[in-house]
Structure formats: C-alpha cells, structure tokens
Amino acid sequence: MTEHIKTYDTTLRDGSQREGASLSVEDKWRIARRLDEFGIDYIEGGFVGSNHRDAAFFAAFASGAQKLTHAKLVAFGLPVRKGLIAADDPALTELASSPAEIVTIVGKASKLQATAALCVSTDENLRMIYDSVRFLRLSGKQVFFDAEHYFDAYKEDAGYVFEVIAAAIEAGAHSVVLADTNGGGLPHEIYEITHQTAQALAISNPDVMLGIHTHDDSGCAVANSIEALRAGAGLVQGTVNGYGERVGNANLLTVIANLELRLGTPVVGDARLRKLSSLSHFVADVFNIAPDTHAPYVGQAAFTHKGGLHVSAETRLAGAYQHVDPAAVGNFTHIVLSDLAGRAALAAKAQELGIAAATEEERDRLLVLIKQREAQGYSYEAADASLALLLQTRLDGPISFFRLESFRVITDRRSDGHTSTEATIKIHVGAERFIATAEGNGPVNALDAALRKAITRFYPQIEGLELRDFKVRVLDGSVGTGAVTRVFIETQGPRGTWGTVGVNHNIIEASWDALVDAITYGLLQDGQPKDSQAVAADEPAADAVDKPAMGEPAADAVGRLAQDVADELAIDEPTAGIADELTANGSGTSEPVD
C-alpha cells in the first residue's frame with residue numbers, strides 16, 4: 001500500500017446527486033469548511049458551467065469570501081464535445097478559467113460506452129481526452145482524469161483502456177482515477193485490475209498518481225476502495241456518509257477509519273479522527289437526512305449492546321464485542337435494555353445514565369419492571385430519557401415539575417375542509433392551579449402549546465426545548481383502530497438530543513406520556529422542581545426505594561456525546577428537524593385558578 005494516501009471528497013457534487021438532496025451555496029461552503037478542518041486533501045466543489053449554484057460557489061472562492069486552509073479545491077467538468085477543438089468549447093474554456101487550481105474531467109474508458117452512449121469513434125474518443133487535458137494543462141491547471149467505467153472496460157478490452165489512460169497521461173494528467181461507475185465490481189476484481197494498472201504505470205509513468213472511485217451498487221464500495229489502495233492506488237475518492245446517486249458512493253469516512261484503525265495507515269491523524277462522528281452527523285443535518293444509526297463507526301448503534309451475554313462480557317472486558325475503541329472516532333459505547341437484558345446490562349445502563357442501583361435486589365426489581373413494560377409495548381432502545389426517568393423514579397422517588405389534573409382535546413372538522421384543534425389543560429405547579437388553552441395544527445401540537453403556556457412562567461427554559469421528531473407505531477394491527485400504539489418523540493435542547501416513549505390504546509394518551517417525559521427530562525438538566533409540592537403522581541412514592549440522589553444528572557450522562565456534537569456545531573446552526581410543525585406557536589390563554 002502507498003505510504004501516504006490522499007483523500008478526495010466529492011460530496012458536493014456526487015453526493016448532491018442523491019435523490020431528494022438539494023444544497024444551497026451556503027450549505028456547500030459549510031460542508032467544505034468542515035471537510036477542510038477534518039483534513040481532506042481535495043474537495044470537489046461542483047460541476048463548472050452546469051448550474052448557477054455551482055457558479056456562485058466558485059465565485060465565492062474567487063473573490064476571497066470563502067477560503068480553504070488545507071484542502072485543494074477541485075472543479076469538475078467534461079471533455080471537449082465531439083467535432084470541436086478544446087479552445088472553441090465554451091464549457092471547457094469556463095472550466096479552464098475556474099478559480100480552482102485543480103480540475104477533474106471524466107472520459108470514457110470503454111469502447112462500448114464511447115461508441116454507443118457518446119456516439120463517437122474510438123479514435124475520436126481518444127482525441128477528445130487528449131485535447132481536453134492538454135488544453136487545461138496549457139491553461140495552468142493540474143488535471144485529474146477520471147476513467148469512467150474503467151473496470152467493466154478493462155474486462156471488455158484491456159488494450160483500449162490503456163490507450164485511454166495513456167492519452168490522458170501524454171497530455172499532462174497528474175492523476176488517473178479508475179472508476180467503478182456502475183458499482184458492480186467485486187473486491188477481488190478491483191484488486192486484480194488495479195494491480196495490473198499500477199504495475200504498468202510504475203514502469204511507464206511512476207509520477208502519475210493512481211486513484212480509485214467506487215459506487216456501492218453491489219454493496220462493496222468501501223471494500224473495493226480498500227482493495228484498490230492495497231493494489232497500488234494512492235488516492236481515494238468518496239463522499240461523506242456514502243451519499244450519491246442510486247445507492248450511493250464509497251463512504252469516505254468509513255474508508256478513512258478503516259485505513260487508520262484497521263490497517264494502521266495514517267490519513268488524517270488521531271485528533272481529527274475523533275471528529276469523524278460529528279462530521280458525519282453535521283453533513284447529515286445539512287443534507288436534512290436522518291443519520292444512519294447503524295452506519296459503521298459513526299452510527300448510534302455502532303457500539304451498542306443489547307443481548308445480555310454481550311453486555312455482561314463488555315462490563316468485564318472493555319472491547320469484548322467492539323472492534324475498535326469508539327472514542328477513537330468520537331462515538332461511545334451504548335447499552336440498550338430490552339427483554340434480552342440481564343442484570344449486568346441493567347447495571348451498565350444505570351452507570352451510563354449516572355444512576356446508582358447499588359444492590360442486586362434493586363437491579364432485579366428494576367429488571368423485572370423493564371421486562372414487564374417491554375411486554376406491554378415499551379421500547380427503551382431509542383428512549384434513554386424515558387428510561388432514565390423510570391429508573392430514577394423507582395430508586396429515588398417520583399420527580400415532577402408539574403402535576404396534571406386533566407386535559408381535553410377537541411378537533412373540529414368544518415364543511416369547508418378546514419380542521420382546527422384546541423387543547424385545554426388543568427395543571428398544578430406547586431400550590432398554584434392553572435387552566436391553559438391553546439390551538440395547534442393537531443392534538444399533540446395543541447397539548448404541547450397549552451402545557452408550555454401553563455408552565456413557562458415557572459420554567460422559562462422550556463422555550464429552548466424543540467420537538468424534532470414524532471413517530472407512531474401500531475403494535476397489534478390485528479385489532480384495527482383499537483390497537484395499542486407506541487409514540488416516540490425526539491427532543492432537542494441546549495445540551496443535546498434525547499428520546500422519550502409512550503404506550504397506550506389511546507394515541508393521545510401515549511403522546512402525552514412521551515411529551516411529559518420529554519419536557520421533564522429537558523427541565524431536569526437545569527435542576528430540581530421549584531416546589532416539592534409539585535411532585536406527585538404518576539409513579540406511586542410507595543414503590544420507590546430510599547436512595548441518595550444521582551451523583552450526575554441522567555441528562556448529563558445521556559447527553560455527553562450529543563453535547564460534543566453540539567459544540568462542534570456552534571459556528572454553524574443545524575438544519576431544523578422534520579417535526580418543526582409540532583412546535584408551531586399555538587394561541588390561547590393561561591390563567592391561575594384559585
């Protein structure tokens with residue numbers, strides 16, 4: 001393997017071709033700055049001349065309004081059109097005048113693609129590649145040549161693919177990138193063909209950097225990239241999170257982590273590698289795509305343990321079921337509790353949440369309770385906040401910032417098709433009783449608005465809590481509309497993001513339970529309720545065990561990683577979540593009642 005691997009990110013072009021993706025100019029520069037800070041060597045900014053957005057992106061760089069400190073900016077384009085000379089092709093001359101010192105052009109390596117798709121002769125295809133690279137070199141640019149369909153073309157006619165890359169190199173290309181464009185290559189094929197190409201270049205053109213560009217249609221993009229690097233390539237292209245057309249490109253973050261941690265090849269260094277997870281989540285936010293919880297290295301579930309045997313082993317031997325230290329990539333070990341959990345899992349989870357369950361008897365009682373609730377439909381795997389509140393209530397006694405007397409939700413459907421929803425809440429905070437009414441775009445929104453109206457004077461920090469996601473799942477579809485439903489709410493606050501859950505035959509009741517947990521957990525981060533009289537209720541105090549208060553608030557423990565990410569995002573605010581409508585301002589009244 002080459003001693004110094006170069007990284008080339010194409011998220012801003014290939015990644016933006018993902019279905020549903022749309023990046024503004026500022027979005028692209030936010031991502032570019034983070035990639036630059038992370039240590040990526042080359043950042044492909046976009047397709048010069050193809051759209052106004054990419055033109056504005058490069059214009060910001062040309063004017064000095066945007067800068068890169070480590071990475072080299074790359075402009076992307078196509079070869080001269082058939083029948084034209086390079087100097088007469090407007091698109092190529094615009095590429096030559098780009099402020100980027102490096103340009104990448106993509107050309108056909110396949111006879112079939114040249115003749116059938118591009119409708120040119122094989123000789124004309126070679127002429128177009130040579131003239132384009134030569135023109136760009138004479139314009140003062142470094143040129144990377146992407147050999148499209150290279151691996152399929154090699155199997156079709158290896159002699160012709162060598163003519164293609166020879167034309168690019170003779171014209172002055174600094175790098176030749178072998179592209180598995182259709183994504184169908186398998187690791188052994190990629191290795192063998194790259195190895196043969198690398199050997200040929202080592203003899204004839206040892207100064208030309210060989211690169212690899214893979215797509216994930218066969219599910220092998222990362223493996224194929226690694227194999228090409230092992231076979232002699234020195235540059236790897238990819239996108240953050242594998243975003244791209246069809247099923248995507250090679251996930252450049254996974255490739256980097258594998259090189260650093262599994263193969264011992266330095267790429268970005270230990271300090272930058274610890275920002276891998278936050279970079280992944282940041283780009284997902286900018287793309288407005290939910291992060292893949294099961295993504296290698298960076299996903300929330302990447303170092304999550306559920307089965308009792310695995311958790312028990314992890315508590316005795318750190319890394320027993322983890323291939324690397326999660327801290328190396330800015331992630332952390334996470335324990336989830338379910339009906340598969342054992343005593344060791346519960347102890348580890350309580351420790352993670354900062355809750356002391358000192359005796360085996362206490363752990364056994366809690367384990368029985370959790371398994372009972374799982375049987376009823378609760379799931380705490382993505383609802384750490386609800387789990388933390390449940391454990392704390394059972395160990396330390398109930399805690400509440402308010403006490404519900406009752407609520408009522410009314411939805412009116414009018415003949416004109418307009419629907420309005422109104423919620424009225426009767427609630428107690430300390431010794432005071434309030435009635436609050438609010439409207440919303442649905443029952444949960446109206447309840448949320450009414451609750452906030454009632455308690456904001458006591459807890460103004462509630463304004464910093466935002467409902468980011470709301471999901472409903474029917475647990476037993478065989479009984480139709482009478483089925484038990486599970487509601488999951490994701491909430492974001494100043495110190496991170498947390499999940500809560502509610503389960504009930506009544507979807508409004510399930511939503512209320514998840515909503516109350518979400519707000520209670522958020523308020524808990526700032527301390528105890530203002531008046532102990534507010535405590536009552538949903539969980540009987542008689543069931544509680546007399547234990548000292550938690551040494552570290554559960555919110556601190558659960559939110560540690562999220563806070564690290566929030567700190568990383570301090571300069572650039574994250575894109576709003578998909579459930580903004582849940583926190584739309586309601587209207588109504590709130591008044592104390594004697």
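Me: At what angle do helix 9 and helix 10 pack, in this predicted model?
Reply: Helices (H or I, at least four residues) and strands (E, at least two) are DSSP runs, numbered from the N terminus. Axes are lines fitted to C-alpha atoms, for helices over the stretch in contact, and angles run from 0 to 180 degrees between N-to-C directions. Helix 9 covers residues 221-230 and helix 10 covers residues 252-262; their axes lie 9 Å apart, and the packing angle is about 45 degrees.

Me: What is the orientation of helix 9 and helix 10 to each other?
Reply: Angles under 35 degrees count as roughly parallel, over 145 as roughly antiparallel, 65 to 115 as roughly perpendicular and the rest as oblique. The angle here is about 45 degrees. Helix 9 and helix 10 are therefore oblique.

Me: How are the residues of the contact of helix 9 with helix 10 divided?
Reply: With contact meaning heavy atoms within 4.5 Å, Val222, Ser225, Ile226 and Leu229 in helix 9 meet Thr254, Val255, Asn258 and Leu259 in helix 10. Ala, Val, Leu, Ile, Met, Phe, Trp, Tyr, Cys and Pro count as nonpolar, Asp, Glu, Lys and Arg as charged, and the others, Gly among them, as polar. The division is 5 nonpolar, 3 polar and no charged.

Me: Which residue in strand 2 is the bridge partner of tyrosine 8?
Reply: Within strand 2, the partner of tyrosine 8 is tyrosine 42.

Me: Which residues of helix 8 meet helix 7?
Reply: Helix 7 (residues 158-170) and helix 8 (residues 187-204) pack at about 40 degrees, with axes 12 Å apart. Helix 7 contributes Phe162, Ile165 and Ile169; the residues in helix 8 are Gln196, Thr197, Ala200 and Leu201.

Me: What pLDDT do side-chain atom pairs need in order to count?
Reply: Residues are numbered from 1 along each chain as its sequence is written, and side-chain values use heavy atoms, with hydrogens and water left out. In this predicted model local features need pLDDT of at least 70, totals for chains, interfaces and linings use all residues, and side-chain atom pairs count only at pLDDT 80 or more.

Note on methods
Pairing = 2+ DSSP bridges.
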